[in-house]
Amino acid sequence: MSEPSSTSPAPSVTEGASSRVPQHTVVVPDDVSMVALLGPRDELLRTMERAFPHTDIHVRGNEIRVSGPSADIALVERLVDELLAVIDAGQPLNRDAVEHSIKMLRAQTNERPADVLTMNIVSNRGRTIRPKTLGQKQYVDAIDENTIVFGIGPAGTGKTYLAMAKAVAALQAKQVNRIILTRPAVEAGERLGFLPGTLTDKIDPYLRPLYDALHDMVDPDSIPRLLAAGTIEVAPLAYMRGRTLNSSFIVLDEAQNTTPEQMKMFLTRLGFGSKMVVTGDVTQVDLPGGARSGLRVVRDILAGVEDIHFSELTAEDVVRHRLVGAIVDAYGEWDERERRGSRSLPDKDRR
């Protein structure tokens, strides 16, 4: 098939033997590297082709010709525009960025993929932390707009990582005077006396994920100084009791492992000039003895309270290895089958 000689502003029509196939040609500006747009060995082009199986995408020089269903042609054209905007902002493209952009365009939201992928939260040692999905962008926006935000979603959705990045950004901008990172040490029932070592030795394993994320965002050499000065505090949830936390950005991680009483205790620590983010996964409750999760009941309690927002992240927002999203979905389907099966059993067979 011969290549088109010019670009038209709207899809043109190529006569076939038995059908009329719409096609359109997108001309990439001369100053844009096609390797940056299509990836090494056309990896990103292959990603586009897999996402639009009923569409033919051919590249010649700086022209991308698309033929197939009109709706797909329009999406591919918008996709290329968004990817060019990301490149123009100085951000590299990868397969995940292309796949997330396609999902956002298909969702037909008001958010531009380029705006999501180029939103900077905090930078450290040449690395910039930013949202990678629409759900993450909306979560970050909610943190800006509300005093208390609940980030609820499965593993890998960035709910804690992004909350900590916002905390570091707020500290750097002098919006708060300190950061407090906390989580329940439920694995030891928050009764740590029987464990060997000093108190720090005992609680460190339960707080290590928070320290690990912190090292990505703050110069590691400055962390001991910030901890010693109390500018950054990492502590078990039990240490929050009886305190009022003013001018602080407070992040509660693994909140599904709080009881309703602990959740109330934590939320009422909020002081003037402070912001709270509560994160957790209601499908991963580790509380002993069938205790109720404070994260599961708090929405019913606080629904409709002004300045409190609940952000729901899903498998679509998983930004770890792409298999993590598939695993989360598979386990969700399995749990649903188990619940349906349990409901169908007679009471005597459930025991």
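Select aspartate 141 to start: this residue is buried, with a relative accessible area of 18%. Buried means under 20% relative accessible area, exposed means over 50%, and partly exposed lies in between (1.4 Å probe, protein chains only).

Before moving on, know what is on screen. This is a predicted model, where local features need pLDDT of at least 70 and side-chain atom pairs count only at pLDDT 80 or more, while totals for chains, interfaces and linings use all residues. Residues are numbered from 1 along each chain as its sequence is written, and side-chain values use heavy atoms, with hydrogens and water left out.

**Stop 1: around aspartate 141**

Show the contacts of aspartate 141. Leaving aside residues up to four places away in sequence, aspartate 141 touches Glu111 and Met119. Contact means heavy atoms within 4.5 Å.

**Stop 2: helix H6**

Now widen the selection to helix H6, where aspartate 141 is found. Helices (H or I, at least four residues) and strands (E, at least two) are DSSP runs, numbered from the N terminus. Select residues 134-145 to see all of H6. H6 lies across strand S7 (148-152), strand S10 (248-252), strand S11 (275-280) and S12. The helix runs at about 150° to S11. Axes here are lines fitted to C-alpha atoms, for helices over the stretch in contact, and angles run from 0 to 180 degrees between N-to-C directions.

**Stop 3: the sheet**

Which strands make up the open sheet, and in what order? Six strands form it, in the order S9-S8-S10-S11-S7-S12, and the pairing is parallel. Two strands pair if DSSP finds at least two bridges between them. Colour strand S9 (232-236) and strand S12 (308-312): these are the edge strands, and each pairs on one side only. Neighbouring strands of this sheet are turned by 15° against each other on average, direction ignored.

**Stop 4: strand S9 and its partner**

Is S9 largely enclosed or open? Four of its five residues are buried, so S9 is largely enclosed by the rest of the structure. Next, select S8 (residues 178-183), which five bridges join to S9. Isoleucine 179 has isoleucine 232 in S9 as its bridge partner. For arginine 183, the bridge partner in S9 is proline 236.

**Last stop: the whole chain**

Zoom out. The protein chain holds 13 helices and 12 strands. Of its 351 residues, 46% are buried.
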